Amino acid sequence: MSKQTSNKATAAIRASLKKRYARERRFQWYGRLAVLTGFVFLFILLADIVGKGWPAFTQHYIEVSVNLDPEVLGLPPNATREQMFTADYLGAIKSSLRAMFPEATGRKDKQQLYRLVSIGAEYDLRDRVLKEPQLIGHTSDIWLRAHAEAGSYLKGQVTAETAEADRRVKDQQMGWLDRLRADGRTESRFNTTFFTQGDSREPEMAGIRVALYGSFFTLLVTFAIAFPIGVAAAVYLEEFAPRNRLTDLIEININNLAAVPSIVFGLLGLAVFINFFELPRSAPVVGGIVLSLMTLPTIIITSRAAIQAVSPSIRQAALGVGASKLQTVVHHVLPVAMPGILTGSIIGMAQALGESAPLLMIGMVAFIMDVPAGVTDPATVLPVQIYLWADSPERGFTEKTSAAIMVLMGFLILMNALAVYLRKRFEMK
Amino acid sequence: MERVEQQEPVAGSKGDAIRPPLDIQAHSEQKDYETIGTPFVTDPKMTARNVNVYYGDKQAITTISLDIGRNEVIAMIGPSGCGKSTFLRTLNRMNDIIPICRVEGEFCLDGDDIYADDQDTVLLRARVGMVFQKPNPFPKSIYENVAYGPKIHGLAHSKAELDEIVEDSLRRASLFNEVKDQLDKPGTGLSGGQQQRLCIARAIAVSPEVILMDEPCSALDPIATARIEELIDELKENYTIAIVTHSMQQAARVSQRTAYFHMGKLIEVGDTKQIFTMPKHELTENYITGRFG
Amino acid sequence: METTTVFLVLVLLTIISFFMGRKRSHAVTSGLGGARALHSLPKHYGYMAALWALLPALLVLVLWLVFEHGVITRMVLSELPPAVQDMPASQQGLYFNQIVSYAHGATDASMLDETQVLAAQHYRFYDSTSRSIKALLVFLVALAGAILALRQIRPALRARNHVEGILKWMLFGCSFLAVLTTLGIVMSVLFEAIRFFQAIPIADFLFGLEWSPQMAIRADQVAASGSFGFVPLLVGTLLISAVAMVIAVPVGLMSAIYLSEYATRRFRAVTKPVLEILAGVPTVVYGFFAALTVAPFIRGLGESIGLHVASESALAAGLVMGIMIIPFVMSLSDDIINAVPDTLREASLGMGATMNETIRKVLLPAALPGIVGGILLAVSRAIGETMIVVMAAGLSAKLTINPLEAVTTITVQIVTLLVGDQEFDNPKTLAAFALGLVLFFVTLLLNVIALYVVRKYREQYE
């Protein structure tokens, strides 16, 4: 009887196999598709940002024969340095441009002509003249920073194919730029301004220096607070905490804080540190405190894991030779756990570096041109700078935003690579 | 089949004469060895020839050949890590799911090569069922546990048919009377022994021809163990059973033939009675007299 | 004295106390056979003296710094004429700020009236007095602590146990900070929220269908228009979260299944870290991507098939948020699927089920509670996510469930209401804290439920 049912069953299973294998293959393809989807998203994201941000690392310059006639500059003979500092360089540039393109006669035409060079060109020229006063009185070919819009045409981001009304670079300007290019009077250089300047209203003058300093000071405060406290808390919870309700309460709090939305920490910072303790707004010190509270759970949780991973035999050996519990931890457990703790802390710091929402709450979202000198000076941070620029409609700022993102991601990759390296070394031990 | 005829007399005739050295280490380092006793039978249900199994670089089984007779219960015994479970799992290709595992050798089920390229593991595993060491009912109802196999294999065409299969399987696993009023309760709520019988019922439900049991009683108390052993005795009427066990008493009680494994090798195989009363190999003797285990 | 200087002197005092303590430990044992007669090592007596000098003084310093400003402000204010004291809070604040900036020498007297100049002189006096008292007090406390500790030193004193006891309490304090942080969050949002609910009835907030805080500037319109209705924000938040989940759950779950059950080890070793890069990308980057790339793309796509899509559509924000959450769902599902015991896998495969039958009929049902818990955590994350929606979702609260329209969310409104200058007696500002309160408790609830479910699930297989 069994044999019969067996044969019947075998036949039935055999009949169902084709369909079942087709379903199996389909299912596997869903899985591959899901993994592929993730890859595609990542690729589009990165390609989009690199594609948009790459041009921001170059800046176009235009060679203008500038007539540095003292009369044009409004300088008396034998001008002092102060007088040279306040001379009318803009007028000199404008008149030189008019001389190069005499066909621009109307008010509108002239305005368009002046918009070929950056507002910052004036200051570049001033610095050049202050360095080489012998230029005064001569007409010399001087490279001037191009306006962001002119730059976008020279970079090929804007072409004549777009209807004139839809672009900021007008046909006439394109004609001038083409002529300059044909004469070899345009040049693309590495954009150092982007790294040496603070925020600006003009895309070609804007840089991330303030944001970099702000991020540095903020992270410094975050690390100075979160690392010792996080490690101390982890040591307490792993090595000393008695099993009681208070310990449970602390553990529950740590786990929940890890999942509290970051913006809520911003509200805490605003209400407690700004309004109650009246610490300065927009300052890295407050940003650092808020971010340290936010990264503490990460550091505590990873440090605890690292301490847990230390073999109990090390503890027993130390306790066995008469070391106290605290000495055991400080002399033997922590050194072994340190790579793991550092790995977790770096990951926490990377989180803090990329965080922006809580900082908006405490006023680190300001237009700041001056590099902060300390943790109490107003500053902004890299992610917030990205947020601010992303709001600006000019094409030049889109490019700068993407470039700032590339810099930010570069730092994050570095930090994560360091964490991975440490973890690898830790595992090898 | 040719090789069977060549080897059988060799193994049989040399069996008594050979007294291998007692040194276990030396023995295990030997490249060639011969199984003592009767690894081959005249009407085999399953045959395995020259089986080698590797986990990565490590060899877990060294050149084992063994037949499993029709409607017999064969017990596989030996110390931990001797390869008996690994060997059992090769018989329905459960080792396929371990990526680093590599199996060599020829395996046949009723003359079909089960490692052939066109052999289907789904069909094979339906024909060669398996019961595991730890009772592992699915976190579903008792009914759903037993109905799982028939459902995925499409064996029942109506609810009534499925009910019949479930009831029949539970009866054969002598569990029906205990659970008939709680078929919709979770299978994980049963006692350990009941869970294991549920797992046997689940295996029976797809009408397998061979049932492999991997230490089915190791997680059970003596009373539950006795029930399972009774059950095995009843099941052998209809099924071929290979059971790996840690307990020599169990092997003696339930099996007709016994195979003794040692460090990845099949040392001796023969009638259960003969193995337990007159082992021919020193290692076997040491094991069954409890000198190591 | 500047605070930094006070601090540095305090550190110096601490170091001196250490050496004094160590020296004293030698001194008390000079007739008793030296350091051997001590209970602890000499350095422990040093540590003890140092801690006694440092900790109380540090506490005094911190407390002084915290309350200094408020106390001086109140003292100066109380001396001002009644006319000033009766001013509305915002005007008074401005008035007082002028005093302070004059006192610090930032502005000249031309902008101030006579009382202000006088008050500024008072302020300057209080300020300098406070500094001197602060320095004096801190040094006195430090000295007292050190002397007290030094006098206690005897050979039998268990200095090591003493020091370790203090350090243990400090460690405890560090871990207790987590509780204080939670408490701080609850307090800061709760107090302002209560002030908000004094102006706007709580029922109007919870059940109101219209949200337009801008109108609240005109005080007469607040109550009448009922423009602090929370429902559109909640619906908007849930809509965007739902879109995100529709992307993240299938992709994350299927990726986790494929990587843990099908993929070769090498494929998994390469793929997983690459996909986890998505989790490391800062949210502001996703916001930028959503606002400048995805939203215009979806808009163009919609228009090409004749659909009207808002330029800040919920779909764009939700889609990008979904991408962000994929790795989160993936690693949670991965953990949970791996927690299903192998015996179940073997049982199913052992009776001839195919892998997908095993996954769909055994593994997923067994893992379901854990997966649900993981999805709840992901939802909580989506609800609390800020930057993507601030940059890519709308500002006006529209009660709709059409993902092609622009909606706003709780977090967007918090940011909108609080960025820029705020007055803290304005319902518009306080509303942000009420929203923060709701956000905190909703995410807390989701997290607690999720963690509970996941823990129960894990216990089931342990």
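Predicted model: local features only at pLDDT ≥ 70, side-chain atom pairs only at ≥ 80, totals over all residues.
Local features need pLDDT of at least 70 and side-chain atom pairs count only at pLDDT 80 or more, while totals for chains, interfaces and linings use all residues. Residues are numbered from 1 along each chain as its sequence is written, and chains are lettered from A and ligands numbered from 1 in the order in which they are written.

Domain bounds come from an automatic or database domain assignment. Chain A is split into three parts, domain 1 (2-54), domain 2 (57-197) and domain 3 (209-428). For chain C the assignment gives domain 1 (3-157) and domain 2 (224-460).

| Domain pair | Distance between C-alpha centres |
|---|---|
| Domain 2 of chain A and domain 3 of chain A | 46 Å |
| Domain 1 of chain C and domain 2 of chain C | 49 Å |

Within chain A, eight residues of domain 2 are in contact with five residues of domain 3; two residues are in contact if their C-beta atoms, placed from the backbone, lie within 7 Å. On the domain 2 side, α7 (148-154) and α9 (193-196) of chain A are the elements that give two or more residues. Helices here are DSSP runs (H or I, at least four residues), numbered from the N terminus. The most is given by α9(A), with three residues. This side of domain 2 of chain A has four nonpolar, four polar and no charged residues. In these classes, Ala, Val, Leu, Ile, Met, Phe, Trp, Tyr, Cys and Pro count as nonpolar, Asp, Glu, Lys and Arg as charged, and the others, Gly among them, as polar.

Between chains, 11 residues of chain A are in contact with 13 residues of chain B.
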